Amino acid sequence: MSAGPITENDHVLIVGAGLAGLRTAQGLRDGGFTGCITMVGDEPHPPYDRPPLSKQIATGKWPAERAVLMGEERRAELNVELICGDAATALDPEAMTVTFASGAVRAADRIVIATGTSARHLPVPEGVHPLSVRTMEDGMALAGVLTGGTPLRVVIIGAGFIGAEVASAAADLGHVVTVIEAQEIPLGTILGPELGAICGHLHAKKGVALTTGATVERITEGPGAPYGATVHLASGEVLTADLLVVGIGVVPNTTWLEGSGLQLDNGVVVDDRLFATDTILAVGDVARFAWHALGTVTPTRIEHWQVAADHGATAAHSLLAGREKAQPAAILPYFWSDQYGVKLQMLGRPAPGDTVEIVLGSEEDGSLLALYTRGNLVSAAFAISKPRQLMQLRAAMVAGCTKAEALAVLGL
Ligand SMILES: Cc1cc2nc3c(=O)[nH]c(=O)nc-3n(C[C@H](O)[C@H](O)[C@H](O)COP(=O)(O)OP(=O)(O)OC[C@H]3O[C@@H](n4cnc5c(N)ncnc54)[C@H](O)[C@@H]3O)c2cc1C
C-alpha cells in the first residue's frame, strides 16, 4: 500500500534551495500543511532567481539582492528551516535519510529532490577559466567584467538562449562580440530551421558576429585575467577572447543520487505526479517526469522557469493528496528569453517533424507568431515580441486545440 497524504506530524525535507524547492514549500503552506519543512541547498545563498543572471545582473542593472526569491521575511512567513551551503552527498530511500557534506544526516517522512542542473563545461588547460552563467557568482563576475568600462573582445561558445542573452548584454555595453555555434542553424533543434535562422539574424542586426557549424578544437591560454582565452576552431580560425563565456547546456545534478537505487536517466525519473517512490519526489530542472501532452505520455526533462514553478505546486499537491489520490501534473511548458531588445516566448514544446507556420507578422516586421502542429493539434506556439497574442493562446492550448481553433482565438 502506498504512503497516504502527509500529516502535520510529517517532516518534509527539500534538497536544493532553488525555485522548484521554494515553490514546493510555498505550495505546501498554501495547501494548509503546518508540519516541519526543511530546505537544504549547497549554495551559500537563500533561493534566488536565475533568469536575471544573463539579463539584468549581467548588465549591472540589478544588484544581486533584487534576484532573491526568499528573503528572511518570506522564510519566516513560510516557516521553513533553511540551511545554506551544505551539499547532499547521498540518499537512502529505505531509511529515508539524506547525508550531507557537513556530515549531517537528516531523516524525513518525505523527501523532495530539487537539485536542478549545472553548466556543462569544455576541457581547458590549467589557468584558463571560461565563465559559465548558472550561479549568482557567475552573474556577478560577468557583470564585473562587462561593466568595467574597457571595450573587450568577448567570445561566447554556444548560441542557445543563455549564450544569446549574454551576447546581447555584452553588445549593449559596447563590447566586440563573437558567438560560436556548433549547429548550422542556432536553436535549429528547438525551433526548427526557419525560426532558428530568424533568431540567428538577431545577432547580426546588433553587430554581433555569429559563426555557425563551428567545432571548437581546443582552448588555450589567452590575454587578460581572469577569463581570457584563445579559441581554436577546427576550420583553422583562431579567436582571441578577453572574456570567454561557455553556454553549451546543462547537466542534471544527480551524481549525489548514484547508488541510491532511484532511477536516474538524464535526471531523476518520476511519474506524472512527480513521485520517484511513494515518499520521494523530484521537481524542476532535475526531474524527468511523465509528461502528458497531445494524448501521449513522454518522459521529459524541461529546463524552464515556469515548469520548475509549476512542478513545485504539483509536488505540494501530490504530497498533500498522497500518491494514490494525486492528480497528474497539467504542465504546458512556457519559456521566454530577452535578447537584443526583443522578447522570444514559447508555449508548448515542438518535436522534430512538427509542421510550423508563421501565422502573424514576419521577420521584416520585427515581430511574429508561429504555430507548430502535430497531426491535427497545435503542439507549440512561438512568438517574437507578440506577448499578448501568445498568451491569448494559453487556455486553448491547455485544453488542446487544432490550428483552426488557435487561429480563431487570434481572430485570424
Ligand atoms: C542564466 C540563466 C537564465 C535563465 N533564463 C531563463 C529565462 O529567461 N526563461 C526561462 O524560462 N528559464 C530561464 N532559465 C532557467 C530557469 O532559471 C530554471 O529552469 C530554474 O532555475 C530551475 O529551477 P530549479 O529549482 O529546478 O533548479 P535550480 O534553479 O538550479 O536550483 C537548484 C538548487 O539546488 C542546488 N543543489 C545542486 N546540487 C545540490 C546538492 N547535492 N545538495 C544541495 N543542493 C544542491 C543548486 O546549487 C541550486 O541552488 C535560466 C537559467 C539560467 C541559469
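What is the volume of the second largest pocket? About 580 Å³. This value, like everything below, comes from a predicted model.

Sorted by class, the lining holds 17 nonpolar, eight polar and six charged residues.

Now step back to the domains. The protein is split into domain 1 (11-118 + 251-321), domain 2 (121-248) and domain 3 (341-409). Domain 1 and domain 3 each supply at least three residues to the lining of the second largest pocket. The C-alpha centres of these two domains, domain 1 and domain 3, are 30 Å apart. Even so, the two domains touch: six residues of domain 1 are in contact with five residues of domain 3.

Next, look at the cores. In soluble globular proteins, nonpolar side chains tend to be buried together. Here, the largest nonpolar core has 56 residues. Within it, Leu91, Val98, Ile111 and Ile113 touch the most other members. Helix H7 (residues 305-321) is the biggest giver to this core, with seven residues. Apart from this core lies another one, of 45 residues, including Leu53, Val154, Ile156 and Leu191.

Take valine 98 by itself. Leaving out residues up to four places away in sequence, it touches Leu13, Val15, Ala88, Ala90, Leu91, Ala104, Val105, Arg106, Ile111 and Trp256.

Glutamate 65 sits between strand E2 (36-41) and helix H2 (72-78). Is glutamate 65 buried or exposed? Its relative accessibility is 60%, so glutamate 65 counts as exposed, since the cut-off for exposed is over 50%. Glutamate 65 is 50 residues from threonine 115 in sequence, and their C-alpha atoms are 22 Å apart in space.

Asparagine 266 is in the loop between strand E16 (250-252) and strand E17 (268-270). Its phi is near 50 degrees, a positive value in a residue other than glycine. With a relative accessible area of 44%, asparagine 266 is partly exposed.

Serine 385 lies in the loop between E25 and helix H8 (387-392). The phi of serine 385 is also positive, near 50 degrees, and this residue is not glycine. Serine 385 has a relative accessible area of 29%, so it is partly exposed.

How values were computed
Residues are numbered from 1 along each chain as its sequence is written. This is a predicted model: local features need pLDDT of at least 70, side-chain atom pairs count only at pLDDT 80 or more; totals for chains, interfaces and linings use all residues. Side-chain values use heavy atoms; hydrogens and water are left out. On a 1 Å grid over the protein atoms alone, a cavity is a set of points where a 1.4 Å probe fits but cannot get out, and a pocket is an open set with protein on both sides within 12 Å along at least five of seven lines; lining residues have an atom within 4 Å of a point. Grid points are joined across faces, edges and corners, and a volume is the space filled by probe spheres set on the points. Ala, Val, Leu, Ile, Met, Phe, Trp, Tyr, Cys and Pro count as nonpolar, Asp, Glu, Lys and Arg as charged, and the others, Gly among them, as polar. Domain bounds come from an automatic or database domain assignment. A nonpolar core is a set of buried Ala, Val, Leu, Ile, Met, Phe, Trp, Tyr and Cys residues joined through side-chain atoms within 4.5 Å. Buried means under 20% relative accessible area, exposed over 50%, partly exposed in between (1.4 Å probe, protein chains only). Helices (H or I, at least four residues) and strands (E, at least two) are DSSP runs, numbered from the N terminus. Contact means heavy atoms within 4.5 Å.
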